[in-house]
Amino acid sequence: MAPSVLYHCPCLSTSSVPPPPHLPSSSYSFHPLNTLFFCEECDAVRCNQCVSVEVSSYYCPNCLFEVPSASVRAEKNRCARNCFMCPNCRNTLAAVPADPPESSDGRISGSVNEGPYILYCNHCRWDSVEIGITFEKPTGLAAQLQKFEDSAPDSLEFDRLKEHFDAFLRQSALAASTTAAASAALARDIPGVGKYNPLARSTNNRGYGKDKSVNRDEMTEYRSRSEISQAAGGGELDVELMNGLEEVDEVASLDQRWESSWVSSMQTKDLKPIRIPLHSKRSKRCPACTHILIKPEQKSQSVRYKIKLVASNYLPGIVVVLPHVRQAKEELLKRNLGKSVSAQAEEPSVGMVAGRSYEFQLNLTNPLYDPIEVRLSVQRVHVSTAPAKEGVSPEKAKRPPFAISLPTTKFPISPFAEAWEYEDDEDMFGVEDDELGIGPTSATVKTTKDKDGRARPKTVGVLERKANKTVVGGEIVIGKEAQGSVKFNMLVSYTYRSDDPAPSESGDMDGHNARAPEIKTFSFYTVVDLGPIIPREEVKLDL
Amino acid sequence: MSNVPTTPRANRTVHHPTTPATNRLNSSHITQASPHYTTTRRHSLYGVEDRVVVDPGSRIWKVGFSGEGKPRDVFFAAGKEAQALWKLSRTSDPQARLEEDKMLEVRLRHCLRSVFHDSLLTDPKARKVIIIETPLLPMYIKEMMARILFENQVPSVSFAPSHLLSLMAVGRITGLVIDCGHLESVALPIFAGRPLFPRIQTTPLAGERLTSHLRALLLMFATYLPPPTSLSAAINVPAANRATRVPPEVLSDLVVEEIKTRCCFVGPALDSRAKFQEEYNAAAGGGADSSSASSDVDMMNVDAESTSSHAGFESTTSSQAGEVSSEFSIITNSQAESSVPVSSTVRSEGYLEALASMYKKHSTATDLKMRVTPVQQTGTGMGTLIIPGWIRERAAEVLFEGDVDESSLAETILNALLKIPVDLRKTLASSILVSGGTAMLPGFIPRLHSEIIRSLLTPTPPPSRNSDSSKRRPTLPQYDKYSTLRPLMPYFAILDNPSPPTAQSERARGNAGKAPAFTPAMLAWVGGSLAGALKTGGSEVIRENWDELGEEGDESNVHADDAMDISELTTTATPKKSNILPDWTRSPLRPGAPSAIAAKLGAPAAGAHAAVPSTPSTPAPPSTSFNFSRSRSSVAT
């Protein structure tokens with residue numbers, strides 16, 4: 001698995017400190033940056049698990065028809081036009097004219113457009129003739145099938161059940177009220193009977209006569225519309241089918257059958273095409289302040305958003321790279337240029353072996369139009385004084401199996417400028433550095449560059465600055481006995497200068513910022529996953 | 001705070017119930033018309049009448065709108081590969097439990113949100129929710145679900161017992177319902193709409209056990225053909241040369257699940273099995289106990305161990321009495337057979353092999369080949385798993401063979417019958433309803449019927465145990481557990497039996513197979529949909545009440561609440577929120593309850609009735625149901 005960085009959303013726990021990354025439940029607190037939102041009012045990260053969701057429109061993902069919300073109900077959340085899914089492979093079905101009955105030279109174009117039409121799967125070649133469904137015209141297919149759906153045995157039976165219970169409920173409500181009245185009258189007339197002791201109740205019942213009480217408890221017998229013993233499928237037929245089964249594929253899989261509430265055939269060949277489920281466009285709100293975080297445009301064809309407060313516009317993006325893995329992969333690619341399959345088998349061997357140290361790089365990208373200063377700090381599960389030596393010590397029960405060293409000082413990332421997007425990477429090198437030198441953050445840049453120059457061989461520190469990206473090097477020392485995977489929580493805090501809470505509005509505004517800039521700090525947690533540790537004695541350690 | 005249960009209770013006390021059935025159905029009907037309901041009515045594309053019906057299993061969830069004949073969506077709660085959301089037991093280590101709860105909550109939240117946003121595409125604010133619960137669903141899970149739902153602003157949540165709903169789905173309110181789910185099978189008698197909760201019977205023989213048993217059988221008896229190393233080898237090397245035992249890695253959860261759902265079925269009971277048992281014993285010379293009893297899980301571990309430790313295991317467990325009922329669940333390492341010279345061990349394994357070969361002989365089911373992903377991508381293409389036909393047919397035997405601790409499905413039903421009053425037995429025995437996903441195995445229900453009859457026919461459920469003991473102490477009278485039920489034999493009928501046997505009595509004829517042809521797995525959901533459409537369906541917990549409780553709970557955690565006195569009498573440690581959730585285990589309040597409770601309830605007359613909350617999820621107070629049933633049965637029969 002490629003190394004990854006996930007961002008923390010604090011919605012699941014009350015404390016702001018994220019759970020230690022080795023717990024399985026912690027994976028639910030961390031999300032990829034592109035799924036997160038950012039609420040400007042609360043100044044907080046929001047994830048898909050905590051936002052409140054509202055549907056803004058419904059549409060069919062296949063024909064992109066916008067379904068008015070009033071008819072979604074009647075159409076059972078599925079496309080009521082021509083869109084069907086293959087029951088076998090869930091591919092979209094195409095309505096094609098059926099072959100004319102005689103296959104001898106009758107392939108003249110005249111008959112093609114006349115029908116009958118069938119549904120055909122381009123992927124698995126299923127067609128609806130197999131289950132005896134043909135259409136007179138190639139449009140409004142669902143409407144043509146509607147009559148089958150309306151007369152589905154489960155809905156008919158359901159209506160009958162409902163009538164049955166409705167009658168019973170009415171009757172019992174009536175009976176209850178008369179009983180109550182009668183007993184109240186009894187209680188009024190005869191003082192001693194008013195108490196609801198069981199004896200009084202039972203005699204009461206008896207007094208009312210058998211016929212009435214029978215009606216009340218023992219509901220009139222329900223006669224099924226179609227009894228299970230008379231059903232077409234199920235029972236001994238299925239046992240026989242299973243007994244003589246030749247191929248697993250003859251029987252439909254569980255998820256192809258489990259939605260039907262009516263006893264039906266188990267066989268794959270009897271599966272019906274599925275109307276494509278509708279999708280919805282959703283707008284999402286912050287759970288705390290109910291401000292809209294994201295709001296799509298109503299039209300189903302449009303992929304734009306009216307409001308879009310996504311976290312990637314606010315938080316620096318972080319990509320983690322393991323140079324040795326990348327190198328190894330590149331070499332592997334070169335070697336295996338041409339050979340295809342065997343490369344896969346070798347890939348896992350490139351990893352981190354216990355007892356060694358590796359460098360890794362964090363590529364930070366600044367999405368803001370202001371320069372930011374970032375400080376990284378690794379959250380340690382166990383407090384330790386000498387992190388560099390930590391990993392070497394054999395007591396892994398008490399101490400973390402690996403140690404991380406990252407630059408602890410602040411480092412700057414240049415602002416995002418749209419112009420850079422249009423330039424080639426290669427052009428940027430020379431020009432950008434000069435430009436930066438003139439910029440407001442020149443002092444810091446210089447110092448870090450100097451530092452950088454001195455610290456080159458260390459690999460820990462700022463390695464490279466390019467446009468709005470900064471590459472930071474870190475080092476990891478893995479203990480000899482270490483197992484599991486290298487995962488650590490990292491607190492990222494950054495300061496930016498802005499008097500405008502919405503810095504993403506336009507570059508001009510920020511450029512001519514006349515007012516006294518306010519320095520703001522925002523910090524968030526991430527979990528960095530560098531991948532699994534390969535135990536040293538891989539042969540001896542099984543499992 | 002006294003207003004918490006007021007709405008439902010006040011409505012209930014309006015109708016002084018003489019019959020539980022009318023009371024229950026009726027009262028929740030009235031609750032529907034509470035002022036809250038009208039005020040929260042808002043414009044929504046569906047209207048608010050239809051509720052969201054959620055049947056949350058530990059593995060599979062069914063969700064949809066009430067008033068519809070089938071659910072809108074069915075999905076695995078924790079992904080296809082993942083295990084059940086919750087298990088029968090919780091870890092005791094507080095740290096681990098915290099983690100476990102956290103996982104559960106996260107997954108529940110994920111599922112519940114996806115119900116609204118992905119499956120139903122509806123706004124949770126406009127929808128009342130019916131949660132279909134199995135009667136033994138732990139309170140902390142219910143509380144967690146309610147909390148998550150209310151966090152998502154649903155107007156109200158009601159919990160309805162799955163067994164009662166299943167009965168409603170077949171148009172009845174009286175019957176003995178057995179729900180064979182994933183974690184356990186639960187038999188619950190229901191009379192006139194009142195679940196007799198104290199008479200509940202459970203057994204862990206259910207879907208999960210079937211899966212582990214199936215896996216064990218496949219490991220031992222199935223054949224695996226790894227993919228040929230080269231394309232030419234596929235032609236040149238005969239399949240027999242490639243055949244190996246099944247590596248455990250091949251049998252992923254997904255594969256076993258697929259075999260279970262697509263290949264397995266339940267064959268009819270073999271009469272020859274008992275005969276076989278005797279013959280085998282005679283041939284082997286009798287004497288020592290013929291076999292060992294152990295669970296599959298143990299055996300799985302044993303498989304991984306060396307053969308010597310395996311032998312030790314066998315000898316230790318062989319001291320346990322062998323039982324016909326559990327013999328077939330023994331999975332032994334066949335490699336151990338040749339290398340272990342201990343006679344008893346060899347005998348028991350030989351016995352197992354013989355049993356397997358007996359099944360093989362009697363089974364006409366075809367062997368199946370299935371494509372599986374190989375362990376290591378060494379050769380070309382997919383590996384092949386050959387599943388013997390008899391495994392497909394006989395894997396489910398484990399569900400019908402109980403032992404002392406875990407009663408079989410038939411015994412579970414009979415035990416429930418034993419516990420219910422005599423005058424109800426005939427009625428309930430003739431209206432057994434089988435629901436749940438495990439019952440979807442073809443042939444399951446007819447087999448269950450014949451197993452019930454068989455357990456009544458044989459003098460004792462574990463015959464071999466008795467024969468063994470009678471050899472030593474011949475004077476011991478046979479313990480005949482179900483003798484009192486034997487007269488009921490002609491009346492046994494399973495409502496949703498797709499192929500009922502010829503009925504022995506008029507009553508059985510009138511009931512067996514007369515249920516509508518809903519699938520067993522969907523019965524509870526259909527019933528929930530029906531209950532929602534009829535505006536009944538359990539006592540509601542309304543969001544306002546919940547939120548109110550939450551605020552007060554926040555003020556002080558130890559704050560003693562007057563309205564909470566009822567539940568605090570029984571449990572003081574439970575979190576406040578859960579106190580407004582209906583819970584039949586926590587209401588010992590029946591008319592003849594201890595005076596302390598009666599005094600606390602205030603006015604005696606009203607209190608007595610308030611103490612019998614007439615919701616389906618509250619217990620039928622045993623005393624009333626007895627009285628009630630006695631007066632009734634004279635009429636009914």
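## Terms and model

Helix axes here are lines fitted to C-alpha atoms over the stretch in contact, and angles run from 0 to 180 degrees between N-to-C directions. Helices (H or I, at least four residues) and strands (E, at least two) are DSSP runs, numbered from the N terminus.

This is a predicted model, in which local features need pLDDT of at least 70 and side-chain atom pairs count only at pLDDT 80 or more, while totals for chains, interfaces and linings use all residues. Residues are numbered from 1 along each chain as its sequence is written, chains are lettered from A and ligands numbered from 1 in the order in which they are written, and side-chain values use heavy atoms, with hydrogens and water left out.

## The two chains

Chain A contains 14 helices and 23 strands. Of its 543 residues, 40% are buried (under 20% relative accessible area, with exposed meaning over 50% and partly exposed in between; 1.4 Å probe, protein chains only). In chain A, 72% of the contacts with a separation of 6 or more are between residues 24 or more positions apart, a contact being heavy atoms within 4.5 Å. Chain A exposes about 29,900 Å², and carbon and sulfur atoms supply 53% of that area (Shrake-Rupley method, 1.4 Å probe; for residues, only the protein chains shown count as cover).

Chain B has 29 helices and 14 strands. In chain B, 62% of the 637 residues count as buried. Residues at least 24 apart make up 73% of the chain B contacts between residues at least 6 apart in sequence.

## Helix H2 of chain A

Helix H2(A) spans residues 141–150, and its buried residues are Leu141(A), Ala142(A), Gln144(A) and Leu145(A). They cover an arc of only 155° around the axis, so they lie on the same side of H2(A); the arc is that of the directions from the helix axis to the C-beta atoms. Ala143(A) and Lys147(A), on the other side of H2(A), are exposed.

The cover over the buried residues of H2(A) includes strands E7 (84–85), E8 (93–97), E9 (117–121) and E10 (274–275) of chain A.

## Helix pairs in chain B

Two packed helices are described by the angle between their axes and the distance between the axes. In chain B, the axes of helix H6 (residues 162–169) and helix H24 (residues 523–533) come within 7 Å and cross at roughly 80°. H6(B) is therefore roughly perpendicular to H24(B) (angles of 65 to 115 degrees; under 35 is roughly parallel, over 145 roughly antiparallel and the rest oblique). Residues making the contact include Leu165(B) and Met168(B) of H6(B) and Leu523(B), Val526(B), Gly527(B) and Leu530(B) of H24(B). By class, this contact between H6(B) and H24(B) has eight nonpolar, four polar and no charged residues (Ala, Val, Leu, Ile, Met, Phe, Trp, Tyr, Cys and Pro count as nonpolar, Asp, Glu, Lys and Arg as charged, and the others, Gly among them, as polar).

Helices H7 (residues 207–221) and H10 (residues 253–262) of chain B pack at about 105°, with their axes 10 Å apart. H7(B) and H10(B) are therefore also roughly perpendicular to each other. Among the residues in contact are Leu210(B), Leu214(B) and Arg215(B) of H7(B) and Asp253(B), Val256(B) and Lys260(B) of H10(B). The contact of H7(B) with H10(B) has five nonpolar, two polar and three charged residues.

Asp55(B) lies in strand E1 (residues 52–56) and is buried, with a relative accessible area of 10%. Leaving aside residues up to four places away in sequence, Asp55(B) touches Ile60(B), Trp61(B), Lys62(B), Ile132(B), Ala524(B) and Trp525(B).

Glu397(B), in helix H18 (residues 397–400), is buried with a relative accessible area of 1%.
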